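The following report describes the fold of one protein chain.

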Amino acid sequence: MSDSSALYQEILLDHNRRPRNYGPLVNATRVERGVNPLCGDELTLWLRMDGDVIADAHFEGSGCAISRASASMMTGAVKGKTRAEAEALMERFRGLVTGHGDAGGAGAAGEPLGGLKVFAGVARLPQRVKCAVLAWHTLHS
């Protein structure tokens, strides 16, 4: 395993063990539930919207390390973004994990995915793509 692969794996495991933004969000204005019936991963996503901006995001749920790490990192990544910006980020992330996006993690407009690039390896594991995108699909809902 290369040093960068080991680092990426450690980042994912850290977000799984100590998820950020975990637990119900007081004063949430939106609540959505997401389920992956193929593997049993499930989560609840709480958002607090300030007009068109995601002011805060939290999640709670159970599932595999990829699912939990993705939800943890997603909640941090979308805070402060407008709905349109969050949707664009979701499309770039989906492209990354399916192998149809820029391997460098930037979308058509060149906006980088930042730390979310650690999920690039999921494209080599097609059965895990649904795990990685569960939180993002829930956000889209």
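Strands β2 and β3 form a hairpin with two residues between them, and G51 in the turn has a positive phi of about 70 degrees. G51 lies in the loop between β2 and β3 and is exposed, with a relative accessible area of 59%. Buried stands for under 20% relative accessible area, exposed for over 50%, and partly exposed for values in between, computed with a 1.4 Å probe on protein chains only. The C-alpha atoms of G51 and T82 are 8.8 Å apart in space, with 31 residues of separation in sequence.

This is a predicted model, in which local features need pLDDT of at least 70 and side-chain atom pairs count only at pLDDT 80 or more, whereas totals for chains, interfaces and linings use all residues. Residues are numbered from 1 along each chain as its sequence is written, and side-chain values use heavy atoms, with hydrogens and water left out.

**The sheet**

Three strands make up an open sheet in the order β1-β2-β3, with antiparallel pairing. The edge strands are β1 and β3, each of which pairs on one side only. From one strand to the next, the twist averages 20 degrees; axes are lines fitted to C-alpha atoms, for helices over the stretch in contact, and angles run from 0 to 180 degrees between N-to-C directions. Two strands count as paired if DSSP finds at least two bridges between them. In general, strands of a sheet pair through backbone hydrogen bonds, either parallel or antiparallel.

Strand β1 (residues 30–35) pairs with β2 over six bridges, and E32 has L45 in β2 as its bridge partner. Nine bridges join β2 to β3. L45 has F59 in β3 as its bridge partner, and L47 stands opposite A57 in β3. The hairpin of β1 and β2 has six residues between the strands, and G40 in this hairpin takes a positive phi near 95 degrees.

**Helices on the sheet**

How many helices and strands does the secondary structure of the protein chain come to? There are four helices and three strands, and from the N terminus on the elements run α-β-β-β-α-α-α.

To return to the strand pairing first, L47 stands opposite A57 in β3. Helix α2 packs on the sheet, where α2 touches β2 and β3, and its direction makes about 170 degrees with that of β3. Helix α4 (residues 129–140) also packs on the sheet, touching β1, β2 and β3, and its direction makes about 45 degrees with that of β2.

In the segment after α4 lies S141, which is exposed, with a relative accessible area of 61%. S141 and R33 are 108 residues apart along the chain, and their C-alpha atoms are separated by 8.9 Å. Over the protein chain, residues 24 or more positions apart account for 56% of the contacts with a separation of 6 or more, a contact being heavy atoms within 4.5 Å.

The loop between α1 (3–17) and β1 holds N21, and N27 is found in the loop between α1 and β1.

| Residue | Phi | Relative accessible area |
|---|---|---|
| N21, not a glycine | positive, about 55 degrees | 18%, buried |
| N27, not a glycine | positive, about 65 degrees | 60%, exposed |

**The interior**

Buried residues make up 42% of the 141 residues in the protein chain. A search of the whole structure finds one cavity of 30 Å³ or more, and the largest cavity has a volume of about 40 Å³. The elements that give two or more residues to its lining are β2 (42–50), β3 (53–62) and α2 (65–78). A cavity is a set of points, on a 1 Å grid over the protein atoms alone, where a 1.4 Å probe fits but cannot get out, and lining residues have an atom within 4 Å of a point. Grid points are joined across faces, edges and corners, and the volume is the space filled by probe spheres set on the points.

The largest cavity is lined by E42, L43, F59, G61, S62, G63, S67, R68 and A71. By class, this lining has three nonpolar, four polar and two charged residues. Ala, Val, Leu, Ile, Met, Phe, Trp, Tyr, Cys and Pro count as nonpolar, Asp, Glu, Lys and Arg as charged, and the others, Gly among them, as polar.

Terms used:
On a 1 Å grid over the protein atoms alone, a cavity is a set of points where a 1.4 Å probe fits but cannot get out, and a pocket is an open set with protein on both sides within 12 Å along at least five of seven lines; lining residues have an atom within 4 Å of a point.
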